[in-house]
Amino acid sequence: MSDQKNADGRRPGGAAFFVAALLAALGCLLLWQGLSIPDKGGYAGIGSGDLPIFIAICLWLLAAAHVWKGMREGSHRLPRQEPLPVLFIVGGLAMQLILLKPLGFSIASGLLFACTAAAFGKRRIHISLPIGIGFALVVYGVFDRLLQLNLPAGVLENLIFGG
Amino acid sequence: MKHTLLGVALAAALAVPAVANDYMIMAPAAPGGGWDGTARAMQEVMQAEGISASVQVQNVPGAGGTVGLAQFASTTSGDASQLIVGGYVMVGAILTNESPVSLADVTPIARLTGEAVGIAVSAASPIQNINELVEMMKADPGSVSWAGGSAGGVDHITVGLLAKAAGIDPTKINYVAFSGGGEALAAILGNQVTVGISGVGEFLPQVEAGTMRMLAVSTAEKWPGTDAPTLMESGYDVNVQNWRMVAAAPGLSDEQKAAVAADIEKLVNSAGWKAMLESKGWANTYLAGADFDAQLAKEIEATTAVLKDIGLVK
Amino acid sequence: MTTFDFLLQGLGTALDPMILLYALIGVTLGTAVGVLPGIGPALTVALLLPVTYGLDPAGSLIMFAGIYYGGMYGGSTTSILLNTPGESASIVTALEGNQMARAGRGGPALATAAIGSFVAGLLATLALAFLAPHIVKLALVFGPREYFALMVLAFVTVSAAFGDSTMKGLTSLFVGLALAVVGIDGLTGQARLSFGVPQLLDGIEVTTLAVAMFAVGEALFVAAQGAGGQEKVHAIKGSVAMTRADWARSWKPWLRGTAIGFPIGAMPAGGADIASFLSYGTEKRMTRHPEEFGHGAIEGVAGPEAANNAAAAGTLVPLLTLGLPTTATAAIMLAGFQQFGLQPGPLLFATAPQLVWGLIASLLIANFMLLVLNLPLIRLWVKLLTIPRPWLYAGILLFATLGTIGVNPSPVELSMLMVFGLMGYFMRLHGYPIAPVVVGLILGPMAEQQLRRALSISQGDWTTLVSTPLSAGLLLVALLALVVPAFLRWRGKGAVLAQIAGDED
């Protein structure tokens, strides 16, 4: 395996075990689902449940490979990650998801826009939020009104573009 | 007309964003099949006849339409601009898939068309008529592979009924499900399967072009456009018609429901719709209101019995 | 009247200045919408189709052709510059194209994509004109077992996108396959891994996964590096135009991509994505610069871009000759054709030659217009990278979610966007390749269904898989592609392989 050139350190040893655990868990889930499906293979001899079982076995093999590799290679250092920007973006997406229906496309997407900008260092929300909402309104106008793509409308959209 | 106006006024009063006249029709099937065709025909005629300013079609394929139905029922409640095309296939699929969502979870508006199910082979096939096919099935049911739509759909049910009527164990049929009409057609044309079963309308252009041969149709009477015998004429007691309907979103007010029904009635009575049915080879079997609701209940009951009979539903 | 006369006549009407203007408007609109990250060609065509209503038939036909080719082409721009493919067919374009863009070679990458698309569009449209009835016969030879063999070949090809660790590549692929199991099994109607959630019965949407893992994952990854640790992305380094060496390395991939893309696009169960995977794998095996793959090899852009455009033209073969729409885009086009009174079907070429040749002439003109429009625009597109990052990524995320919201605004779908975005971030962080996940999601269900159909038809006899020369041949090629490099690596620890790869041409 050519993973030896790990001078920059891309993967800590713990990560291999963590991935292995995830893969094994995913494998268990697939196996459970595969086994609980009554075989309806008919003439093919392969039913709905067989592919999940096959994938589950492969996932376990991969989990075993990860464990083996983690033990052999030990830990590598990961480039420093800043948690705050990630939280900003995920928070922006979550807000858009929750506010899309009640507040409409433009405000929800404007918030996502401002959060993303904040994640990249533009923290002055009184500037980025109006820009985001304005931009989203233009997008709404073009796609919903002009091109008939169905986007959720809210107070702002109804106010500007009419009901 | 009055209902429509009332509906529009009501919608405006409630500040519902979409104008009642705009429609989004869900075709719960892959592009190219019968429901997709129905949805797109509705779209074309409704726009051309000025019944609606803007109609969009959305395809959500899978499992006899239950994927689309479930999505429709869960996402459109109270929205009068949403329509879904469905039909007999969906009735069966809800049962075989043990779908948590049924036609009771939407608002059926009207039956629009009906079509015979056709049984056809590619022109290169040695099979000349339906009786030869049935003899082959009697000798070895597994050797006759059928290409058709979703498992448990009208095509599958028809094959099951034919087997039963011919004295063959219906659970022994070798039915190969394809998700869209297009892919099944390609498999038949390419001689990948023994025989194909699908809506007559999908086979007729091929029969006309001489690439396919129609062996039989499933309705009680001969189908216009083909001289293939009915299954009854050939000695098998099978009478299936694949009807297609349109339903609206769940949770509509009576006014909203009436407005949608009025638009659909306008569609059905338009010259454009008649011309469209003619060109597609569909029969007008329009049925709405209480009559349709009663008929639907009867069909659901009958289908449940049939599916149990042929072993598709426990 | 011969085929050629019909085509000349069609080109004659299409050369009217007004018609040319319509073509220009069509390609401009198509490119403008198609270029937005997260909005693929199917959505572009669906959105813009109504624009063509109300024009006279010739005008609306040509504008439609422009929109179609413009939308097909537009997706590659954001894949290359921003690593945000809006649909499955430009995923492999992003692999090498984005590496090129990071090294300041975005200009040549866009140019090879544009010219490759033009060459492929031209050749494939001509092939459509002259060979359609023959190609479709060939396409019908493909039944379930041949499709299965083709999928196996595609799976082997995917290993070209594994990056430098086979274990990590396989892990990505199997995660994709596991995700592919979610939803209703097409053959029996059995729900799998959907846990009673109706939205999951539909399975996981490829576009959602692709947009989430690429666009959202990329934004998260870049943001998490903070202001300090960022590698500097050069907008332009060296020439914006293709150099002599670029041309020399591009023209063969264009032709090979066309040769792969057109027939695969013509198959009822083929498609532009599979064509682009196969083309990428082929280029990686045939290149004289294997060390550059994964770090910005121009062949890896030229080939797949030609292949997906040729496949787009190939899709028209079953549509026009059989009336079979084989992709979402094709189904929308079918609706478009019907407004021109064109009823695709087996007799179309015989009953409505003027319309067919008008369409083909329109496609040729639109293809040409696309090149005229886009080559000068490359300079402008590359400037996208000079937009300050906060605004650039904020815009990307807005458009990435726009595509999902417009198609299916359910909370489940948007949650998936978020979860898969995080997954994409963690995979990037730990060096797992992204593309195989999406590829697994696309190929998994196809391979499974075709295998089960083939076995059902043969009543469980596995030898059916090698019972035709075509399926046996495809499986043999797949086996050789898998075994030979492994054998050579074992023998010479890679040195021999590099040399062989360098020698063959």
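## Cysteines in chain A

A:Cys115 is buried, at a relative accessible area of 8%; "buried" here is under 20%, "exposed" over 50%, and "partly exposed" in between, using a 1.4 Å probe and protein chains only. A:Cys28, at 44% relative accessibility, counts as partly exposed. This is a predicted model, where local features need pLDDT of at least 70 and side-chain atom pairs pLDDT 80 or more, while totals for chains, interfaces and linings use all residues. Residues are numbered from 1 along each chain as its sequence is written, chains are lettered from A and ligands numbered from 1 in written order, and side-chain values use heavy atoms, leaving out hydrogens and water.

## Two helices in chain C

Now for a helix pair. The axes of α7(C) (residues 144–158) and α20(C) (residues 435–457) come within 8 Å and cross at roughly 155°. That makes the two helices roughly antiparallel, a label for angles over 145 degrees.

Residues making the contact include C:Phe148 and C:Met151 of α7(C), plus C:Leu443 and C:Ala447 of α20(C); contact means heavy atoms within 4.5 Å.

## Chain B overall

Chain B has 11 helices and 10 strands, which are DSSP runs: H or I of at least four residues for helices, E of at least two for strands. Of its 314 residues, 60% are buried.

Note on methods
Axes fitted to C-alpha atoms, helices over the stretch in contact; angles between N-to-C directions. Parallel < 35°, antiparallel > 145°, perpendicular 65-115°, else oblique.
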